[in-house]
Amino acid sequence: MENTNNVTEFILLGLSQNKKIKHLCFLLFLFCYIAIWMGNTLIIISITCSQLIEQPMYFLLNHLALSDLCYTSTVTPKLVNDLLIEKNMITYIRCMVQLFAMHFFGGIEILILTVMAYDRYVAICKPLHYTIIMSRQRCNAMATACCAGAFLHSSVQFLLTINLPFCGPNQIDHYFCDVYPLLKLACTDTYRVGILVVANSGMMGLVTFVVLMLSYLLIFYTIRAYPAQSRSKALSTCSSHITVVVLLFVPVLFIYIRPATTLPEDKVFALFYTIIAPMFNPLIYTLRNMEMKKALRKVWCQQPFLTGKQII
């Protein structure tokens, strides 16, 4: 079938058409975006400028904070700007670029979380081999693999979408360009494309989530025999990771694991993984982490402290 495309721009319907709600959302999400930048930049600088960067867990946390910044910046600035504009337009090219970038940085975040779970598994279940398994060379290799995997995932999403013909309505019932709302506008049968999108995004999210949960179940099973103090420390670290995983994966699975359809609730659930999760990640990882608190004090308050090479 010949690919005809008469649409050069899309109209984003956004979260609401009510002016009062839009102004309220503008203030709320502007605050959220500022908080995301402040929190994640604080983590990046604190880890980079301290000895924590030598530890695999914080090396990975550094990459997670950076991916959070990039991921939310593909969506939030335009969302905030559009809340002040009557008619929210986005060109076809910018729409495709946003779709690719969002899935690329989102894929990196999901895969980094998987590597972080593996790091905790090795640290708790195989402590004697930890320094060998999680060497800096392997950490760099795993970070590179996360970027490569995310690029492959986003490339598939991009190719599936860019080959769709758009020749009719151009109103996207969302606040950013994503695959499912675009499938709804395509003037062709999108059943097969929808199946491929579910296989790419939905199954990737589901398999990753199952792997993450299994790794934490193995960790919880292993620490049963640990002394109370060590068990408490391991639980504190893992609970932070699990909170982030649930906050990100539950809305992602709600949207992408089902058949290629759109629901009114999708926009609300999307806020969790595009704005809320990147905003709360710095709080979740710092409030219950003594080493991060010490790093923050050292970097920002110039208070000396000793950072032990702890693996949990």
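**Exercise 1. Leaving aside its neighbours within four places in sequence, which residues is Phe176 in contact with?**

Before we start, a word on the ground rules: this is a predicted model, where local features need pLDDT of at least 70 and side-chain atom pairs count only at pLDDT 80 or more, while totals for chains, interfaces and linings use all residues. Numbering starts from 1 along each chain as its sequence is written, and side-chain values use heavy atoms, with hydrogens and water left out.

*Solution.* 
- Step 1: find the spot. Phe176 sits in the loop between strand S3 (171-172) and helix H7 (179-185). Helices (H or I, at least four residues) and strands (E, at least two) are DSSP runs, numbered from the N terminus.
- Step 2: look for partners. With contact meaning heavy atoms within 4.5 Å, Phe176 meets Leu12, Val75, Gln98, Met102, Ala270, Tyr273 and Thr274.
- Step 3: check the cover. Phe176 has 0% relative accessibility, so it counts as buried (under 20% relative accessible area; exposed is over 50%, partly exposed in between; 1.4 Å probe, protein chains only).
- Step 4: go along the chain. Gly14 is 162 residues away from Phe176 in sequence, yet their C-alpha atoms are separated by 7.7 Å.

**Exercise 2. Work out how the ring pairs are arranged.**

*Solution.* 
- Step 1: know what to look at. A pair of aromatic rings is described by the distance of the centres and the angle of the planes. Rings of Phe, Tyr and Trp (its six-membered ring) pair if their centres lie within 6.5 Å; planes under 30 degrees apart are stacked, over 60 edge-to-face, and the rest tilted.
- Step 2: count. The whole structure holds twelve aromatic pairs.
- Step 3: take Phe10 and Tyr92. Their centres are 6.2 Å apart with 35° between the planes, a tilted pair. Phe10 belongs to strand S1 (residues 9-12) and Tyr92 to helix H4 (residues 92-125), so this pair ties together parts 82 residues apart in sequence. Both Phe10 and Tyr92 are buried.
- Step 4: Tyr175 and Phe176 are both buried.
- Step 5: spot the cluster. Phe100, Phe104, Phe105, Phe151 and Phe158 are linked by ring pairs.

**Exercise 3. Is His103 buried or exposed, and what does His103 touch?**

*Solution.* 
- Step 1: His103 is in helix H4.
- Step 2: its relative accessibility is 7%, so His103 counts as buried.
- Step 3: not counting residues up to four places away in sequence, His103 touches Ala150, His153, Ser154, Gln157, Asp178, Val179, Ser201 and Tyr256.

**Exercise 4. How far apart in space are Ile242 and Pro259?**

*Solution.* 
- Step 1: go C-alpha to C-alpha. Ile242 and Pro259 are 27 Å apart in space and 17 residues apart in sequence.
- Step 2: list the partners. Ile242 is in contact with Tyr216 and Phe220, neighbours within four places in sequence left aside.

**Exercise 5. Now sketch the whole chain.**

*Solution.* 
- Step 1: get the dimensions. The C-alpha trace spans about 65 × 40 × 30 Å along its principal axes.
- Step 2: check the inside. Of the 312 residues, 51% are buried.
- Step 3: look at sequence range. Among contacts between residues at least 6 apart in sequence, 79% join residues at least 24 apart.
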